[in-house]
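Biologist: Please take one close look at the loops and follow it through to the packing beside them. Keep it brisk.

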Amino acid sequence: MKPSILHLIERLGGGVSFVELCRDIDGFAGPRDCTLHPPVILWQGVSDAAISALDELQQTRQIVLVACSVLVYQLDGKTLHLPVAKRRDHVYKRPCWYPVALSTPAQLRTPGSPLRLARRTLGARDHASAPR
């Protein structure tokens, strides 16, 4: 699964949401919550294999998780029904969502807004529905 995750992130130029990962990678979606630390949830509905692959990719510094706007997920068509966490390391009393986008370290050094990159779903819909 690790090569599939890296390939998708590289193909899309970074700023990849969990919505895109679940949609585009076979076996990524599943019954588990991917957490930063309980109760801070990165995404709900991922597989054990996906969580393991993401952990390994982060530990080897092949990917980075970058905080992003909820708008990124709204543009991709799905959000979590949880309060949004504002701080990554805060100890929250209740479950909350910390929206992130995945990129490679090299992509972070390249100029470009993750929000601009995440509009690809919206842009594809707009282009497909445009009159010819």
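Modeller: P39 sits in the loop between strand 1 (29-37) and strand 2 (40-46). This is a predicted model. The peptide bond joining P38 to P39 is cis, with omega about 0°. Most peptide bonds are trans.

R61 is not a glycine, yet its phi is positive, about 60°. Most residues other than glycine have a negative phi. Is R61 buried or exposed? R61 is exposed, because its relative accessible area is 70% and the cut-off for exposed is over 50%.

Now to helix 3 itself, residues 48-59. Helix 3 packs with helix 1 at an angle of about 65°, and the two axes are 9 Å apart. That angle makes helix 1 roughly perpendicular to helix 3. The crossing is right-handed. Helix 1 brings K2, I5 and L6 to the contact. Helix 3 brings A53, L54, E56 and L57.

Stay with helix 1, residues 2-12. Buried there are I5, L6, L8, I9 and L12. An α-helix has 3.6 residues a turn, so residues three or four places apart point the same way. On the other side of helix 1, P3, E10 and R11 are exposed. Of the residues that meet helix 3, I5 and L6 also belong to the buried set.

Just after helix 1 comes G13, with a positive phi of about 80°. G13 is also one of the residues in contact with Q107.

Q107 lies in helix 5 (residues 105-109). What does Q107 touch, leaving aside its neighbours within four places in sequence? Q107 is in contact with I9, E10, G13 and G14. Q107 itself is buried, because its relative accessible area is 18% and the cut-off for buried is under 20%. The Q107 side chain also reaches the backbone nitrogen of T104, at 2.8 Å.

To recap: helix 1 meets helix 3 through K2, I5 and L6, and residues I9 and E10 are in contact with Q107.

Notes. Residues are numbered from 1 along each chain as its sequence is written. Side-chain values use heavy atoms; hydrogens and water are left out. Helices (H or I, at least four residues) and strands (E, at least two) are DSSP runs, numbered from the N terminus. Buried means under 20% relative accessible area, exposed over 50%, partly exposed in between (1.4 Å probe, protein chains only). A polar contact is a pair of N or O atoms within 3.5 Å; within protein, one must be able to donate a hydrogen and the other to accept it, and residues adjacent in sequence count only if both atoms are side-chain atoms. Contact means heavy atoms within 4.5 Å. Axes are lines fitted to C-alpha atoms, for helices over the stretch in contact, and angles run from 0 to 180 degrees between N-to-C directions. Angles under 35 degrees count as roughly parallel, over 145 as roughly antiparallel, 65 to 115 as roughly perpendicular and the rest as oblique. A crossing is left-handed if the near helix is turned anticlockwise from the far one by less than a right angle, and right-handed if clockwise.
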